[in-house]
Amino acid sequence: MNFLWYLVVRLGGALATIIVGSFLIFLIMQLAPGDPALTVLGDAATTETIAAFREEHGLDQPIIVQYAIWLEKAIQGDLGNSIALAGKFPISELLGNRLPVTIFIGIYGLAIALVISLTAGTIAALRHGKLADTVATSIAVLGISMPDFWLSYVLILAFALSFTWFPSYGFTTPAQDFFGAFYSGFLPALAIAAPMAGVFARILRASLLETARKEYVTAARSFGFAAPFVFMHYVFRNAIIPFVTVVGLQVRYLLGGVVIIERIFGISGMGSLMVDAAFGRDYPVVQACALTFLGIVLTVNLVVDIACAMLDPRRTH
Amino acid sequence: MAAISLKATVFEIRRNRVVATGLAITVLVLFAVTVGPSLSPYDPTKMDFTALLKPPSWTHPFGTNSFGVDVLTRVLYGARNSLLISFAGVSLGAFAGVLLGMTCAYIGRWVDATAMRFVDLLFSFPIFVLALMLMLILGFGVQSVIIAIALVYVPNFARMARNTTMVVKSEPYVQAAQLMGQSALRIMVREILPNIAAPLFVQFTVGLAFGIIIEAGLSFLGLGVQPPTPSLGVMMADGKDYFHRGPWVLTLTGAALTVAILGLNLLGDGLRDLLDPRLRRRSAE
Amino acid sequence: MTKSDLTGIDRRSFLRTTAAAGAATVLTGSMLSRVALGQQRGGTLRAALLGFNVVNTLDPQKAILNSDFWALSTMFNALVKFDGQMKIVPDLAENWSISPDLTTYTFNLRKGVKFHDGGEMTAEDVKFSLDRIRNPDIKVPNQKKFEKITAIDIVNKYTVRIKTSEPFAPLLTFLSSMPTGAQIISKTAFGKIGEEGFAKNPVGTGAFKIKEWRANEKLVFVAHKDYFEKGMPYLDGVDLLLIAEETSGITAILGGQIDLASTAPFADVPKLEKDPNITVTKVPGFNNRFMAMNLTKPPFNDVNFRRALSMSIERPAIVEAVLFGEGRPLAGAIPAALPWAYTKSRDICTFNPERAKAELAKSSVKPGTEVKVITWGSGWWKRWTEIVCAQVNQVLGMKFSPEVLEANVAFQKFRANDMEAQNTGWIGRVELDEYLGELFHSKGARNFNGYSNPKVDTIIEASRREFDQAKRGDLARQAEDIIAEEVALLFCFNANAHSMMSKKVKGFVALPSQSLGSQFPPVSLG
């Protein structure tokens, strides 16, 4: 019952956040200088054609009316059409094309980061104070210190142009070629993963070390349980909670990184769509993209909180 | 266990080594950006079209950029601007965030609830989405970047300040001050702030590092600082445009940036452990 | 391409006589060279439009952006087209004639041309398409280009007659497959699909038809089996990618992810030319780059100040620094790609610090005046503005500084003349009047900054009525002399037009107008 209530409250909060967020985005886009009509009409836009364009897309109405119309349609699941980026493409179609790509790259990057950080963080904690620890920790800090866009270019220079091991540009979607997606997505995923892996490894190491000093661990050891057993059942299980929390929080940075990385590697995902739409003043597309990002962050946070609650029953209350 | 205390000692020393390394790099970087430019024989703005995009050599260790300017000299000037921008942004964010967080914790009730929902909202936007929207409405330039960095950090500082204030608020000395009839402002500044300053300071150091990355990222996308103002991001953006002809501009500028950030991160890491080992979890984000 | 290739055309005789004979030579000539090339069939060309991320519509009459046209011309033909030497040659019209009073054009259409849906292209479709672009309900800027047309008559199934109110020399160019909207669409298909559907799934006569359009990403075309040029296209299909960043375009072509790109970044041309796997084409481009100034307000309403500016910038140095030598200084609005009207140099557009300072002294503008020069886009746009500002400041002691705005905002200010100055320019236009009349006639469609001179208007109007190319060129020079002396725009440079492709791409003829889609039929991979 408690858990259900908790879920209801959280979902309600998320919904409120999305509505307020959508209004803020709407406001910002409309207040920003620039005009989608110019993107569409180009170098020979005239006063009349601009007026006609604004009327056609309802941009001549007050912002609040426009927002109300948008919201009403959005509730019915209709996100409208693109107005400046591409003909009158339904935005749902654009999102349908782009979202899976971004999610794939994001999860791919996250997976790489998890593999690296779980390995490095655990080794560092087990070999605490030894050379392995120093090396792992240093690499982790180095990972955090590298801007992902810079790393992308370095990776392209090294592994796509000097050694042509990976494609330098473009992305094969999993639908086209499942393994091709992993191959063509490797460099961008790695670029996104590097800073995350650093953050994760550090927090895991710290958390493991802290838990290892807890009394119940000492107690478990004194009962004569084997060290690997103690580590897995007492140390690791408890240490993983802050780790999962941090993984959840990183989604915000992950999605930010995707925006730049997608442009560099020519991946047609949500990030490049949003940047292009923002510059083209394609209001409804920006709106839809920003909300999708917001939705992803909220969902991940919710899932993480629930996961933590599952891992540690004490947190539910 | 004896092993643990021994380990703890080793830990301290090693950690101190981390602080030492971080401090050394940071001091070196600070020295380089303050004194360095005046040591360089080159002018950071003088264009020389006879020496466009020359590869690294003894006379130009980092090569020249697309304007024929010595990249190393530009890096020194640019890093100074990047640091200042990040510092200004994080300071602004810290000031606003701490003020907000402490007020919320101290007043509580609906003020706290409303303000914290707002913080949650900010916290739910991917940072580059947030920054992009901001650039659209404010236009490009140094001020916009500073505000963007600040906005990214307001929620972090607000949350941290609120949570720590909540803990400190119920401490006897705060309650004593309240009983003595001291004003809320005085209590917050005199009693609470000094006791929550340590974690905030650590967050500030780490924030400074990431602020530089934000500046670089925005400018790299062409959204941030604009030429001719040199910043590391602007230089990297220019390096990107001529990446295939002169890869050293982008790669070496980025390498310099990485070193500077590495120093700050190591320093932050070390300080975090020195000041309070239990902080690790709370301020990890 | 050498300049003599471009100059050796007597347009009048060329226009008057039917072009069938010429067409035969062009066809056999290109077929012979193709045999020599040993072109193979099949495969999908991965081409990229560099520097663009928007294609708005595939409806030729509603299209506006260059990227729209460069994409949609893959699927459409017009009555006439331009060949590799920028000569007008037959396309859907087999031949044509112009009446002695120069106001009636008769086009004889090719017979048996099939649309993508299998229907035959006839005079009905031509009339429908050309009437459509003149329809006031369709608010496109290109409409102005056709306003001299008074009637489009169907003589018979394969003959169309177009009448104009007065002699109008630019018309034939406007009826070509250049970005003007004169592409012929299927009347039947349009009626069936409707306007909105047609904009996404258009039906034309071109060598390729649309298969998929992924907005902001790419267009996928497949070969049109019944294309009227026998044996073509060689390819099974074309993927046309939109790549916004030029650097990414190079990365993609070096990494082998694309076969052909519509431009090449200036700085990389020398390196790419040496690359054994890459071919770079290079011709003087149809473009001009200038600083537009608000002529209605100080300081730029002072002609002496503008003259001072024009002589204070060192154009050859700008060409070196911005274009890495890939272009030439401009002494007027007309690019080198129109050699019969182009003027290579003028004193007023030549660096001369002494005269510049003298002009400044005559003006009411004081040294130290602050001016924001708006610029936009990435890479060389900013760089160009920085250099121009630096030169003006150095020679005249001004305080010019660049102000970087988003392209959209910058263009808004340019259009509204809400600015002091802005570095900008035009690209992809091939008709003289688009460089002269549209920019400098007091009623010109793209005259945004308040230039007006009755004498210039008169000369421009005369040039529109003049069909003799040499005489038109003379009129253009006369008008440009006045414009340049008054520094209506601060002319800077004209860039080369490049394209880059992998060595396996054969048969691609790059046009100085950078039109891409129309050039795919004779292309093969290997």
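# Why these words? Three chains, term by term

Me: Of the 285 residues of chain B, 54% count as buried. What makes a residue buried?

Reply: A residue is called buried if 20 or more other C-beta atoms lie within 10 Å of its own, exposed if there are 12 or fewer, and partly exposed in between, with C-beta atoms placed from the backbone. This is a predicted model, where local features need pLDDT of at least 70 and side-chain atom pairs count only at pLDDT 80 or more, while totals for chains, interfaces and linings use all residues. Residues are numbered from 1 along each chain as its sequence is written, and chains are lettered from A and ligands numbered from 1 in the order in which they are written.

Me: What makes a stretch a helix or a strand here?

Reply: Both are DSSP runs, numbered from the N terminus: a helix is a run of H or I with at least four residues, and a strand is a run of E with at least two. By that rule chain B has eleven helices and zero strands. The C-alpha trace of chain B spans about 75 × 55 × 30 Å along its principal axes.

Me: How do you know that helix 10 (residues 215-222) of chain A lies largely in the open or is covered?

Reply: Count the buried residues: of the eight in helix 10 of chain A the number is zero, so this helix lies largely in the open. Helix 14 of chain C is instead mostly covered, with 14 of its 17 residues buried.

Me: How do you know whether the length of helix 14 (residues 380-396) of chain C agrees with what it should span?

Reply: The expected span is 1.5 Å times one less than the number of residues. For the 17 residues of helix 14 of chain C that gives 24 Å, and the end C-alpha atoms are 24 Å apart, so the two agree. Just after this helix, G397(C) takes a positive phi of about 70°.

Me: Why is helix 5 of chain A called oblique to helix 12 (residues 270-280) of chain A?

Reply: Their axes come within 8 Å and cross at roughly 130°. Axes are lines fitted to C-alpha atoms, for helices over the stretch in contact, and angles run from 0 to 180 degrees between N-to-C directions. The residues making the contact are L94(A), R98(A), L99(A) and T102(A) of helix 5 and M270(A), G271(A) and L273(A) of helix 12.

Me: What makes two residues count as in contact, and how many do so between chains A and B?

Reply: Their C-beta atoms, placed from the backbone, must lie within 7 Å. That holds for 42 residues of chain B and 43 residues of chain A. Helix 10 of chain B gives the most to the side of chain B that touches chain A, with eleven residues. By class, that side has 28 nonpolar, six polar and eight charged residues. Here Ala, Val, Leu, Ile, Met, Phe, Trp, Tyr, Cys and Pro are nonpolar, Asp, Glu, Lys and Arg are charged, and the others, Gly among them, are polar.

Me: How do you know that strand 5 (residues 104-109) and strand 7 (residues 159-164) of chain C pair?

Reply: Strands pair if DSSP finds at least two bridges between them. Five bridges join strand 5 to strand 7 of chain C, and the two run antiparallel. For instance, the bridge partner of Y105(C) is I162(C) in strand 7 of chain C. An open sheet of four strands in chain C has the order 4-5-7-6, with antiparallel pairing.

Me: Why are strand 4 (93-98) and strand 6 (149-156) of chain C called edge strands?

Reply: Each of them pairs on one side only.
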